[in-house]
Amino acid sequence: MKRRAGEREKELKKKKLLEELGENRLPYLTPADADFHQLWKTKYSKLIFRKSDAVPEELHQMVQESFLALQEHSCFFQDLVRIKGKDFLTPVSRILVGNPGCTYKYLNTRLFTVPWPTGSHDIKYCSPQIHDACKALMRLNDYLHIETVKALQGQNLLENKQIQDTTVIDRKQSFATSLTEQGSVSKDQSSVCVPEDDRSLKNRTSYNLTLLNYMDPLQMLYLKQEPYFGMGNMAVSWHHDENLVERSAVAVYSYSCEDSSVQGSNEQELKGRDPAVWHVGLKVAWDIETPGLAVPLHQGDIYLMLDDLNVTHQHCVLAGLSPRFSSTHRVADSSRGTLEYILGQCELALQNLQTDSDSMALSLKSLEAAVVKQVEEIHNETSLVLSEVRKEQQIEEQRNETISCFLLLLKERQKLRKEWTARCQSDAAESLPEDQRPECHPFWTDDDECNMPLPYDLEEVIAYLQNLVQWIE
């Protein structure tokens, strides 16, 4: 529900912004503009850029070979995502590589990592080339982690120096300030200057996965036009990255397969933005006062989005003419999205299950509303709750509370299943190869004997419980 409310809020903001613009376009700057670096320094200072020549050549070679190896093994796929209640295939093809068991969710789609080779897991790959590719990406991940820590430490030092310099200037200009006021200013500044502890820094820079992207713009029948600034073709629309640890950094390695035969187009006059070259675009979120930024991306360039930049700003990827790979390293929120978490939740749900030593029949230890809610939220689907609430031995008040709790959760589950069924049957899903199409699970058949599980379609169960509540009342 929170997610849907957030999506509606974004749509309203976008609609209002476009209405305010009308036929006009907001200004944006590129390195060709005189004020570009000043704008970057004042409004986009948490975007850090590293040109390719600052990266070790050996790492370039390993990473670029890994992209090509994964492509040769057909590892990149378009994702089926849901935007504003409709299903779409992403124009960009992707693969997720990272820590074993990690997942990443965006636009109502959850991806599972192809694990990179860590010492603590015995991972078997279908080919040595894929093993080497994943190992190279893990090496890149380690390198970007170190670079991100350095960048954050450098920014902290710079901010502290600026605060100290400002304090000196303020003291000279406001020597007559009362001691009370001076004390309050010092207190505020000290809270800003406190060095970040190592644990916090590590938590926000320890990338646990990378989302790899590939697109060949010349193979695309259609690309959306950037709507606010007139920046041209977009490979990825304006967005905030989702499912990340709060204030965590994002690091991107860009590899465009540049060809000297590809020339810039003269058909579009894009105010300094060469349409033949890939760019990352940035803007202050929902702001029509601050000019946007378009930064060109060449083969092997790296950029970092530090601290809260991903929250206060939005970014997009502007397509060039050549094919491009990118490796986008993130600190994904893994509190709920790992195999370890899911198995733990299943074990927790099963703690409410008991087996009769004589008949071997299964029953529930507790029907308290809080316990039922916890178990059903974990999605341990059995018909045992229904069996228990049919028993008349239960206290009427407790029985009614249990049914009401169970009914609410079943309605939510039925709604989610209908949405998923619609996604599985959408035109976008049907256009995928058969082995890539989403499937409806769990899907019970008459032959299943999983302790009389609830049916896939829960309408009859919901109707039964509603009638039972009315009867009790």
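Guide: A cavity here is a set of grid points where a 1.4 Å probe fits but cannot get out. Please keep in mind that this is a predicted model.

Visitor: How many cavities of 30 Å³ or more does the structure hold?
Guide: Rolling a probe the size of a water molecule over the atoms shows where empty space is left. With the cut-off set at 30 Å³ or more, the number of cavities in the structure is two.

Visitor: Which helix gives the most to the lining of the second largest cavity?
Guide: This cavity has a volume of about 30 Å³. Its lining is made of Arg50, Val55, Tyr143, Leu144, Glu147 and Ile302, and by class that is four nonpolar, no polar and two charged residues. The top contributor, with three residues from the stretch 128-173, is helix H4.

Visitor: Is strand S11 mostly covered or open, and how many of its residues are buried?
Guide: In a regular strand the side chains alternate between the two faces of the sheet. In S11, His279, Gly281 and Lys283 on one side are buried, and so are Val280, Leu282 and Val284 on the other. The strand, residues 279-284, is therefore mostly covered, where buried means under 20% relative accessible area: the count is six of six.

Visitor: Which residue of S14 stands opposite Gly281?
Guide: S11 runs antiparallel to strand S12 (residues 292-296), with four bridges, and there Leu282 has Leu293 as its bridge partner. S11 is also antiparallel to strand S14 (residues 313-318), joined by six bridges. In S14, the residue opposite Gly281 is Cys316.

Visitor: What is the relative accessible area of Leu107?
Guide: Leu107 sits in the loop between strands S5 (103-106) and S6 (109-112). Its phi is near 45 degrees, a positive value in a residue other than glycine. Buried would need under 20% and exposed over 50%, so Leu107 counts as partly exposed, at 26%.

Visitor: Where is Asn243 found?
Guide: Asn243 is not a glycine, yet has a positive phi of about 60 degrees. At 25% relative accessibility, Asn243 is partly exposed. Its place is the loop between strand S9 (234-239) and strand S10 (250-256).

Visitor: Over which residues does pLDDT stay under 50?
Guide: The chain has a mean pLDDT of 81, and 77% of its residues reach 70 or more. Where pLDDT is low, the predicted coordinates should not be read in detail. The stretch under 50, for which the model has eight contacts beyond four places in sequence, is residues 174-195.

Notes
Residues numbered from 1 in each chain as written. Predicted model: local features only at pLDDT ≥ 70, side-chain atom pairs only at ≥ 80, totals over all residues. Heavy atoms only, no water. 1 Å grid on protein atoms, 1.4 Å probe; cavity = no way out; pocket = protein on both sides within 12 Å on 5 of 7 lines; lining within 4 Å. Points joined across faces, edges and corners; volume = space filled by probe spheres on them. Helix = DSSP H or I, 4+ residues; strand = E, 2+ residues; numbered from the N terminus. Nonpolar A, V, L, I, M, F, W, Y, C, P; charged D, E, K, R; others polar. Buried < 20%, exposed > 50% of the residue type's maximum accessible area, 1.4 Å probe, protein only. Pairing = 2+ DSSP bridges. pLDDT = per-residue confidence, 0-100. Contact = heavy atoms within 4.5 Å.
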